[in-house]
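Here is a short briefing to read with the model open beside you. Please take a moment with the view before moving on to the points below.

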Amino acid sequence: MKKFQPFIFCLLAAPLFTACSTSGQKEASEVITVQEEPFGEADGKKVTLFTISNQQGLSVKITNYGGIITSLIVPDKTGKPGDVVLGYDNLQGYLDKSPYFGSIIGRYGNRIAGGQFSLNDKTYVLAKNNNTNHLHGGVKGFDKVVWEAEVVREEKAVKLVLKYLSPDGEEGYPGNLQVEVTYIIDERNQVRIDYRATTDAPTIVNLTNHSYFNLIGDPAQTILDHELMIKSDYFLPVDSTLIPMGELMKVTGTPFDFSEFRRIGDSIDVEQTQILRGGGYDHCWVFTRSSNDPENLVSLFDPSSGRLMEVITTEPGMQFYTGNFLDGTITGKGGVAYKFRSALCLETQHYPDSPNQPDFPSVTLNPGEEYLSSTIYRFSIEP
Ligand code: GLA
């Protein structure tokens, strides 16, 4: 194992990504369509479902309840559209029980050991909603609140801007946190998510999106035949409660080596302590690239459909989770029972338990600072 070496990341997301192009002479507001429909009610507030579609065959449905991506349609190699994310057909499904399908996660994506952390010599106690740990923002995280929503049409893109003011003390976190999450659709087949937050008192922030991908477009099949490449030499080994042990482990020669394209199912079931702990992959990979590197860090390929998804992010890590807690008891869209490993998540984020691990990149946000993070999920076809 290698001792962790801190490194600096530039969180100025906007300059990382090249400008998008439009097709033809028309402006995006003319070629990218947006539909709004009522999606029910939560916390006494009306919830809306937005459908944003471009001319290239990408169509995404997003609701302002939890900022959830409920559907993401992209064409396969024959041009046939398919929905590549898990979810429910209606709001009630999400209200009843959801393992964070497609949602925005906050204030803290992933686990905080023992459900507590200290900041400026004060200890904050959070919900222990995952055995002895705190997970994904607590009992009622950002995935379960109604966000203010606004559609902004720009020359080359359509944006869905979601805003939420998380009050001081919510779920035990300090400071009033003003959060803005923007979904951006342009004429490329990608979904870009920009995260922004400010606070009036020192706090911690680690936002992500928890989409469950199945690039076959058929969640009745597992993702074990998907091929994955993660440009990363290290992952974070975890203890039995999935909390990082503080060191980086080299992936070389282990089932965690995705530095070249590799079938996910190849080593997922080998007798290996680290794998067994997560019931499959449920670990954070570390990106050691230098700052301002705009290249894709992760590529996911499904040979049967030809769909390729690339992930580009400003974040220093990514939790790769293979749907190990799906067990067929949840029936999702179209009446499909979501079985073990029928989807996977690629959650770009800071490392789990960072508030308690001083050697990890900081997740502290102070008044006067701006939390900025950006991730793109880009789709294409490989013959
Ligand atoms: C994350 C975690 C997993 C699991 C899922 C939600 O990916 O790392 O262990 O909790 O969320 O089921």
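This is a predicted model: local features need pLDDT of at least 70, side-chain atom pairs count only at pLDDT 80 or more; totals for chains, interfaces and linings use all residues.

A polar contact here is a pair of N or O atoms within 3.5 Å.

**Contacts to the ligand**

- R111 also reaches the ligand: one of its polar side-chain atoms is 2.6 Å from a ligand oxygen atom.
- For H136, an N or O atom of the side chain is 2.9 Å from an oxygen atom of the ligand.
- The ligand on its own would expose 300 Å², and the protein buries 95% of that area.

**The shell around the ligand**

- The residues around the ligand are Y100, R111, L135, H136, H210, Y212, L242, D282, Q319, Y321, F325 and E347.
- Sorted by class, this shell holds 6 nonpolar, 3 polar and 3 charged residues.

**The pocket**

- Where does the ligand sit? You will find the ligand in the largest pocket.
- The volume of the largest pocket is about 310 Å³.
- Its lining is made up of 18 residues, and those nearest the centre of the pocket are Y100, N130, L135, H136 and F325.
- By class, the lining of the largest pocket comprises 7 nonpolar, 7 polar and 4 charged residues.

**Backbone details to look at**

- Which residues does a cis peptide bond join? The bond links G106 and R107, with omega at about 0°.
- R107 is placed in the loop between β6 (104-105) and β7 (111-112).
- R111, whose side chain has a polar atom 2.6 Å from a ligand oxygen, falls within the range given for β7 (111-112).
- D121 has a positive phi, near 70°, and is a residue other than glycine.
- You can find D121 in the loop that runs between β8 (116-119) and β9 (122-125).

Technical notes
Residues are numbered from 1 along each chain as its sequence is written. Side-chain values use heavy atoms; hydrogens and water are left out. A residue is near a molecule or strand if one of its heavy atoms lies within 4 Å of it. A polar contact is a pair of N or O atoms within 3.5 Å; within protein, one must be able to donate a hydrogen and the other to accept it, and residues adjacent in sequence count only if both atoms are side-chain atoms. Accessible areas come from the Shrake-Rupley method with a 1.4 Å probe; for residues, only the protein chains shown count as cover. On a 1 Å grid over the protein atoms alone, a cavity is a set of points where a 1.4 Å probe fits but cannot get out, and a pocket is an open set with protein on both sides within 12 Å along at least five of seven lines; lining residues have an atom within 4 Å of a point. A molecule sits in a cavity or pocket if more than half of its atoms lie within 2 Å of its grid points. Ala, Val, Leu, Ile, Met, Phe, Trp, Tyr, Cys and Pro count as nonpolar, Asp, Glu, Lys and Arg as charged, and the others, Gly among them, as polar. Grid points are joined across faces, edges and corners, and a volume is the space filled by probe spheres set on the points. Helices (H or I, at least four residues) and strands (E, at least two) are DSSP runs, numbered from the N terminus.
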